[in-house]
Amino acid sequence: MDEFLSDRGRDLSAISYLFGIWIAIGITLLYKEEKYTKFHSIQALILDVVFIVSYIFTIMSLMLLYQFGLIASIPATNKFAAAFLGIYLILIVVGSIFSVIWIIIRIYLAHRAFKGEKFKIPIIGNYAEKYSG
């Protein structure tokens, strides 16, 4: 841990991971001089964007797979209700898995940032370091 790192810098870095994209943008814009805080807020921002894009891509892919008949619906007497229920349940399960993984990743990164560690996520960390100066 850097001995010159302020408690405020560590707190803001952890907050940028925990509270999402808008807080990360605000911290990035308000604390431009603190390199540690700026690095973690940019890394959190990039990670949020990657998560949102991958989530949308996964949901759209599932919908297309269902549309082309590659994902079967749940058998029922009403065909429309079965089709809707089938894709709806699949989307709920996939969305829940994404959400749980995302929460675990956020808590882990916030913990590392709060401890004062400059933890670089592969690929994303390089961009964060480049843009944080």
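Residues are numbered from 1 along each chain as its sequence is written. Because the model is predicted, local features need pLDDT of at least 70 and side-chain atom pairs count only at pLDDT 80 or more, while totals for chains, interfaces and linings use all residues; side-chain values use heavy atoms, leaving out hydrogens and water.

The protein has five helices and zero strands (DSSP runs, H or I of at least four residues for helices, E of at least two for strands, numbered from the N terminus). Of its 133 residues, 36% are buried, meaning under 20% relative accessible area with a 1.4 Å probe, protein chains only.

Now for the two helix pairs; axes are lines fitted to C-alpha atoms over the stretch in contact, and angles run from 0 to 180 degrees between N-to-C directions.

| Pair | Axes | Angle |
|---|---|---|
| H1 (residues 7–18) and H2 (residues 21–30) | within 7 Å | roughly 150° |
| H3 (residues 35–67) and H5 (residues 124–132) | 8 Å apart | about 135° |

In the H1 and H2 pair, Leu12, Ile15 and Ser16 of H1 touch Ile23, Ala24 and Ile27 of H2, where contact means heavy atoms within 4.5 Å. Those residues split into five nonpolar, one polar and no charged (Ala, Val, Leu, Ile, Met, Phe, Trp, Tyr, Cys and Pro are nonpolar, Asp, Glu, Lys and Arg charged, and the others, Gly among them, polar).

The H3 and H5 contact residues divide into nine nonpolar, three polar and two charged.

Definitions and conventions. Buried < 20%, exposed > 50% of the residue type's maximum accessible area, 1.4 Å probe, protein only.
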